[in-house]
Amino acid sequence: MTARLDPLPPKAWPPEMREAMAALAPPVPRHPLPRTDGGRPKALNLLGTMARYPELVRAYHVFNGHVLFATTLSARQRELLVLRVAAIREAEYEWRQHVVQGRDAGLDDAEIARVAAGPDAPGWSRLEAALIRAADELVADAALSDPTWAALAAELDERQLMDVIFTVGAYDALAMAIRSWRVEVDHDLAETTFSYTEISDIVSG
């Protein structure tokens with residue numbers, strides 16, 4: 001598929017995009033801010049598309065900055081939710097981006113691939129299965145069932161429960177944008193991550 005909105009190259013980004021990017025850093029982060037090691041994917045196709053509307057990006061980044069860096073969830077828990085949303089929505093770009101961030105959070109490639117199999121796949125703890133099921137229910141029904149709420153509430157406090165819902169919402173919205181804009185996967189992202197078609201081989205070893 002061809003992109004519906006051509007990404008702007010960084011040199012063509014409007015000046016307001018600098019402020020929009022800075023908004024991703026929350027005032028009081030609980031988690032490390034993005035790594036900038038050489039060789040990491042830069043996600044320029046997504047950012048270049050978003051650069052067409054920096055005012056919207058800034059507003060979203062304030063929200064997303066909390067979800068990524070100020071959430072009361074652990075980085076691992078956050079990435080399980082985001083990866084599951086990407087898998088459900090078949091948002092390939094979002095999936096590949098969070099393969100990278102999932103690795104940063106300590107997930108190995110077999111665990112990341114297993115997210116696509118869902119909450120009933122063997123190997124999840126009770127809480128992790130509930131988190132993955134929560135993403136399923138929120139995307140499908142915009143509500144958590146009583147059993148899933150109870151499973152989460154047995155181990156998470158009220159702020160963590162709230163963060164679960166808003167993490168799924170933030171990345172469901174982004175998946176909608178990515179799929180509607182038809183953002184093409186960058187070469188550096190494709191070279192360093194794996195797609196859905198490679199999942200079965202990873203899980204089987």
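Modeller: Helices here are DSSP runs (H or I, at least four residues), numbered from the N terminus. This is a predicted model, in which local features need pLDDT of at least 70 and side-chain atom pairs count only at pLDDT 80 or more, while totals for chains, interfaces and linings use all residues. Residues are numbered from 1 along each chain as its sequence is written, and side-chain values use heavy atoms, with hydrogens and water left out.

Biologist: How far apart are the end C-alpha atoms of α9?
Modeller: They are 35 Å apart, which agrees with the 34 Å that its 24 residues should span at 1.5 Å a residue. The expected span is 1.5 Å times one less than the number of residues.

Biologist: What does aspartate 157 reach at the start of α9?
Modeller: One of its side-chain oxygens comes to within 3.1 Å of the backbone nitrogen of arginine 159.

Biologist: And aspartate 172, is it buried or exposed?
Modeller: Aspartate 172, which belongs to α9 (residues 158–181), is buried, because its relative accessible area is 10%. Buried means under 20% relative accessible area, exposed over 50%, and partly exposed in between (1.4 Å probe, protein chains only).

Biologist: Which residues is aspartate 172 in contact with?
Modeller: Leaving aside neighbours within four places in sequence, aspartate 172 contacts Val85, Arg89 and Val139. Contact means heavy atoms within 4.5 Å.

Biologist: What about tyrosine 171, counted the same way?
Modeller: Not counting residues up to four places away in sequence, tyrosine 171 touches Tyr60, Asn64, Val67, Leu68, Val82, Val85, Glu94 and His98.

Biologist: Turning to the loops, where is threonine 36?
Modeller: Threonine 36 sits in the loop between α1 and α2. It counts as exposed, because its relative accessibility is 75%.

Biologist: How far is threonine 36 from proline 9?
Modeller: They are 27 residues apart in sequence and 19 Å apart in space, C-alpha to C-alpha.

How values were computed: Helix = DSSP H or I, 4+ residues; strand = E, 2+ residues; numbered from the N terminus. Polar contact = N/O pair within 3.5 Å; in protein donor to acceptor, adjacent residues only side chain to side chain.
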